[in-house]
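Here is a short report for a reader new to this structure.

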Amino acid sequence: MTEKALRLGTRRSKLAMAQSGQVADAVSQVTGRPVELVEITTYGDVSREHLAQIGGTGVFVAALREALARGEVDFAVHSLKDLPTTQPDELVVAAIPVREDPRDVMVTRDALKLTDLPRGARIGTGSPRRMAQLNAYARSHGMDFETVPIRGNVDTRIGYVHQGELDAVVLAAAGLNRVGRSDEVTDFLSVDTILPAPGQGALAVETTADNADLIAALAELDDPFTRVAVTAERSLLAALEAGCSAPVGALADLLTAGQSVKEMRLRGVVGSTDGATLVQLSTTGPVPETHEAAMALGRELATEMLAQGAAGLMGERAH
């Protein structure tokens with residue numbers, strides 16, 4: 001007899017279903033068990049308010065975690081950037097698979113690049129982090145465009161451009177790659193222009209802390225380099241006491257020499273949404289070998305950023 005299917009909790013959006021489907025296939029391979037997707041509607045999916053207003057942190061996560069706690073699903077897949085930085089004791093992130101492209105991208109009318117956008121161009125994004133960095137870029141490059149707050153799924157956002165309501169929208173490269181729409185990207189934004197959200201492009205596979213067999217199986221999907229990188233980024237976010245809707249960007253990347261990884265560089269940015277003030281710093285050191293060392297790297301950079309005035313740029317501090 002075949003083993004009982006594992007139940008994977010996922011949000012219902014096209015993107016969530018695509019990334020959960022990819023994880024389901026991988027879990028089936030390592031466990032030899034079928035995996036069925038259980039669709040769960042979260043508050044973030046049904047609320048029409050802007051993410052910054054409904055708190056950002058956890059609005060896409062709580063319903064999935066409740067289903068795990070009630071035993072309705074065996075494990076859940078989240079976009080890591082949606083996860084609150086404090087981890088509940090009864091749940092464990094058993095795997096963080098290899099990260100997708102962490103960059104932000106633009107879909108623009110007439111295939112324009114960011115640098116080609118005309119004066120007064122309207123750029124849609126729901127993210128204070130993107131607004132802060134885009135507006136800072138405009139100020140430093142003598143450009144004049146307007147950032148417009150938007151919400152909605154990938155189809156809705158790209159639709160604003162096709163319908164002529166906006167000149168451009170900013171999205172995560174990883175999301176477009178996962179739903180097979182990367183051919184619509186007109187400009188990949190360098191991380192030197194816009195630092196991504198902490199954890200952007202990475203997934204978190206979460207299960208209950210008492211499910212030792214499943215934790216062990218899921219651990220085979222874990223990528224240790226991705227894990228230390230996103231741990232450092234999220235530690236920075238937590239030390240700034242900022243929620244995932246705060247205007248904070250962070251990226252840890254590995255610096256290689258030939259075939260070997262030499263060091264890790266962690267970059268962080270926080271800014272006012274009008275782009276008038278930006279605190280941007282980086283630190284480089286040995287690749288952290290433990291969770292604690294990765295956490296320490298993030299905390300150290302956050303301390304330096306706070307000393308340079310980052311706290312005043314955060315808007316609402318997360319509680």
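## A parallel strand pair

Leu8 stands opposite Phe75 in strand E3. The model is predicted: local features need pLDDT of at least 70, side-chain atom pairs count only at pLDDT 80 or more, and totals for chains, interfaces and linings use all residues. Residues are numbered from 1 along each chain as its sequence is written, and side-chain values use heavy atoms, leaving out hydrogens and water.

Strand E1 (residues 6–11) and strand E3 (residues 75–79) run parallel, joined by two bridges. Strands pair if DSSP finds at least two bridges between them. Helices (H or I, at least four residues) and strands (E, at least two) are DSSP runs, numbered from the N terminus.

## The sheet and its helices

Five strands make an open sheet with mixed pairing, in the order E2-E1-E3-E10-E4. Strand E2 (35–40) and strand E4 (91–95) are at the edges; each has a single partner strand, so one side of each is left without a neighbour in the sheet. From one strand to the next, the twist averages 35°.

Helix H1 (residues 14–31) lies across E1, E2, E3 and strand E10 (203–208). H1 runs at about 160° to E1. Helix H4 (residues 62–69) also packs on the sheet, touching E1, E2, E3, E4 and E10. The direction of H4 makes about 165° with that of E3. Axes are lines fitted to C-alpha atoms, for helices over the stretch in contact (heavy atoms within 4.5 Å). Angles run from 0 to 180 degrees between N-to-C directions.

## The largest nonpolar core

A nonpolar core is a set of buried Ala, Val, Leu, Ile, Met, Phe, Trp, Tyr and Cys residues joined through side-chain atoms within 4.5 Å. Buried means under 20% relative accessible area (1.4 Å probe, protein chains only).

The largest such core has 21 residues. Leu236, Leu240, Met264, Leu266, Val270, Leu301 and Met305 touch the most other members. Two or more core residues come from each of helix H9 (224–239), strand E11 (248–257), strand E12 (260–271), strand E13 (278–286) and helix H10 (291–307).

## The chain as a whole

The protein chain holds ten helices and 13 strands. Of its 319 residues, 52% count as buried. Among contacts with a separation of 6 or more, 72% join residues 24 or more positions apart.

Key
Buried means under 20% relative accessible area, exposed over 50%, partly exposed in between (1.4 Å probe, protein chains only).
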